[in-house]
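Student: Please put the model up. I would like to work through it by question and answer.

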Amino acid sequence: MGRRKTPMRKCLACQEMKPKKDLVRVVHRPDGGVQVDPGGKVSGRGAYVCPRPACLEKVLKGKLLDRALGRELPPEVRERLALGAEGSPRD
Ligand SMILES: [Zn+2]
């Protein structure tokens, strides 16, 4: 038995370690695309940020995700992050 250890990841903005499921994952796919990955299942180079306005704003303004992923964020990803947690569509 025994519980599995919760995977922790660091938010790019506030540098806090949080459970992976509580963070927004943005992934740079092997095909070069960049997307928000709510399920955490897309393979590629991922970066994490808290779904709270202060952190989202900081990563967008400071281009922290762009730097972490080694690629400029596409406008649709920036928009999606700018909407924050409350705007996340159920798709
Ligand atoms: Zn944060």
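Tutor: First, a definition: buried means under 20% relative accessible area, exposed means over 50%, and partly exposed lies in between, with a 1.4 Å probe and protein chains only. This is a predicted model, in which local features need pLDDT of at least 70, side-chain atom pairs count only at pLDDT 80 or more, and totals for chains, interfaces and linings use all residues. Residues are numbered from 1 along each chain as its sequence is written, and side-chain values use heavy atoms, with hydrogens and water left out.

Student: Is aspartate 66 buried or exposed?
Tutor: Aspartate 66 lies in helix α2. Helices here are DSSP runs of H or I with at least four residues, strands are runs of E with at least two, and both are numbered from the N terminus. The relative accessibility of aspartate 66 is 8%, so this residue counts as buried.

Student: Which residues is aspartate 66 in contact with, leaving aside its neighbours within four places in sequence?
Tutor: Contact means heavy atoms within 4.5 Å. On that basis, the partners of aspartate 66 are Arg71, Glu72, Leu73 and Arg78.

Student: Which residues coordinate the zinc ion?
Tutor: Donors are N, O and S atoms within 2.8 Å of the metal (3.2 Å for Na, K and Ca); water is not among the atoms, so sites may look incomplete. The donor residues here follow the spacing C-x2-C-x35-C-x4-C. Their SG atoms sit at 2.3 to 2.4 Å from the zinc ion, and the residues are Cys11, Cys14, Cys50 and Cys55.

Student: What is the geometry of the zinc ion's site?
Tutor: Four donors count as tetrahedral if all angles lie between 85 and 135 degrees. The angles among the four donor atoms are 100 to 115°, and the site is tetrahedral.

Student: How many residues apart are cysteine 11 and cysteine 50, and where do they lie?
Tutor: Cysteine 11 is in the loop between β1 (8-10) and β2 (17-19), and cysteine 50 is in the loop between β5 (45-49) and α1 (53-61). Both cysteines are buried. The pair links distant parts of the chain, 39 residues apart.

Student: Why are the buried residues of α1 on the same side?
Tutor: The buried residues in α1 are Cys55, Leu56, Val59 and Leu60. The arc is taken from the directions from the helix axis to the C-beta atoms. They share one side of α1 because they cover an arc of only 130°.

Student: What do those buried residues pack against, and which exposed residues does the opposite face carry?
Tutor: The buried residues of α1 pack against β5, α2 (64-69) and α3 (75-83). The face turned away carries the exposed residues Pro53, Ala54 and Lys61.

Student: What is the strand order of the open sheet?
Tutor: Two strands pair if DSSP finds at least two bridges between them. Five bridges join β3 to β5, and three link β3 with β4. β4 and β5 are the edge strands, each pairing on one side only. With antiparallel pairing, the order is β4-β3-β5.

Student: Why is β3 largely enclosed?
Tutor: On one side Val24, Val26 and His28 are buried, and on the other Arg25 and Val27 are. That makes five of the five residues buried, so β3 is largely enclosed by the rest of the structure.

Student: What is the relative accessible area of glycine 33?
Tutor: Glycine 33 is in the loop between β3 (24-28) and β4 (34-36). Beyond residues up to four places away in sequence, glycine 33 touches Val27 and His28. Glycine 33 is buried, with a relative accessible area of 15%.

Student: What is the phi of lysine 63?
Tutor: Most residues other than glycine have a negative phi. Lysine 63 is found in the loop between α1 and α2 and is partly exposed, with a relative accessible area of 40%. Its phi is positive although lysine 63 is not a glycine, at about 55°.

Student: What is the phi of glutamine 15?
Tutor: Glutamine 15 lies in the loop between β1 and β2. With a relative accessible area of 46%, glutamine 15 is partly exposed. Its phi is positive, near 65°.

Definitions and conventions: Four donors count as tetrahedral if all angles lie between 85 and 135 degrees; four count as square planar and six as octahedral if opposite donors are over 155 degrees apart and all others between 65 and 115; anything else is irregular.
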